[in-house]
Amino acid sequence: MTRRRPGPPEPGPAAASLKSIADEVGVSVSTVSRAFTRPEMIGERTRHRILSVAERVGYQPNRSARGLATGRTAVLGLLVPDIANPFFPPLVRAAENRADEAGYAVLLADTDEHAEREHRLMRETLSRADGLVLCSPRSATAPIKEIAARRPVVLVNRTIPGVASVVCSVDTGVGALMEHLHALGHRDLVYLGGPASSWSDKEKRGCVRRHAERLGLTVEVLGPYPPSFEGGLAAAEAVARHAATAALACDDVVALGTIRGLTERGHDVPGSVSVAGCDDVLFAGMTAPALTTIAMPNELAGRTAVDLLLDRLADPGRARQVVLPSSFVARDSTGPRGAGR
């Protein structure tokens, strides 16, 4: 009786590899690798075929193994000044989704609006990550440039020459908001400023002043105020004492705090004072009155920041700057100039 020798085992999840997928699809191993790490670099049809085969055979990219082979961690750092501020969670989620598409995990850290803590977290995060996305940094330019000279860094809502960045420009939105207030009869405005160390707040103040001059409006800057609901409550006291008929806050959370504070003091919004914010966070349209604001493309900024960081990892000499436009959203918290102001 002739015994039959056992053949090779049927391929399964343990046997799946980049090469086996490449052989079945009829492409190179590097193309299969890019389907997981840089999907935008290959055609959609080819990527779909690769992912379909990978799913069928049970292949999962091994980030640890890839890190050993490439000397990289397959981790990207992401620092934000305050994760409780509703501007940042959509940005973080978009960045995490884009990083996951490229085969990276995200290490998230909150700097709590403190420059010294930001310095420490920049160093600690980069010891465990391949690169860093730094959102609305409060640090001075020098320490950021020092880190960026050693490792890939991308800034969000901050520009430094030679460092890659993505900026949500407020100019278009601020211009439309100021024209809206001018058309409603407002001539005296206040701007409720954010942290003194905020680059984006300086940009907003500059835009408000330029468009006020263009339209013949007077504007006074109040603050700085913490970018929080409590900061808005504090701002409301100053607005209530001021002769201005409209207030533009540095962000939506401050604007909502200001509305609450004014209402508690007996001021109608927008009957006696109009209030507008900036960012168009999730609940800006859910309040009463619904908040007039400047919509910022924070989700697109998160995805773009990761794309720029992937570019830097692939080509360290490349440091692009991307500007994303804002837009104006008119709601119920602004109205005609109040007769009592």
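1. Helices (H or I, at least four residues) and strands (E, at least two) are DSSP runs, numbered from the N terminus. The model is predicted: local features need pLDDT of at least 70, side-chain atom pairs count only at pLDDT 80 or more, and totals for chains, interfaces and linings use all residues. Residues are numbered from 1 along each chain as its sequence is written, and side-chain values use heavy atoms, with hydrogens and water left out.

2. Start with two proline bonds. The peptide bond from A288 to P289 is cis, and its omega is near 0 degrees. P289 sits in the loop between β9 and β10 (293–295). The peptide bond from V269 to P270 is also cis, with omega near 10 degrees. Look for P270 in the loop between α11 (252–264) and β9 (274–276).

3. Next, check D112. This residue is not a glycine, yet its phi is positive, at about 55 degrees. D112 belongs to the loop between β2 (105–110) and α6 (115–126).

4. Now the largest pocket. Its volume is about 350 Å³. A pocket is an open set of points on a 1 Å grid over the protein atoms alone, where a 1.4 Å probe fits, with protein on both sides within 12 Å along at least five of seven lines. Grid points are joined across faces, edges and corners, and the volume is the space filled by probe spheres set on the points.

5. Which residues line the largest pocket closest to its centre? They are N157, S198, S200, D201 and K204, out of 27 lining residues. A lining residue has an atom within 4 Å of a point. β5 (164–169) and α9 (199–215) are the elements that give two or more residues to this lining. The largest share, 6 residues, comes from α9. By type, the lining holds 12 nonpolar, 7 polar and 8 charged residues. Here Ala, Val, Leu, Ile, Met, Phe, Trp, Tyr, Cys and Pro count as nonpolar, Asp, Glu, Lys and Arg as charged, and the others, Gly among them, as polar.

6. Finally, follow α9 to its contact with α8 (residues 171–183). Their axes come within 9 Å and cross at roughly 40 degrees. Axes are lines fitted to C-alpha atoms, for helices over the stretch in contact, and angles run from 0 to 180 degrees between N-to-C directions. The two helices are therefore oblique to each other, a class left over after under 35 degrees (roughly parallel), over 145 (roughly antiparallel) and 65 to 115 (roughly perpendicular).
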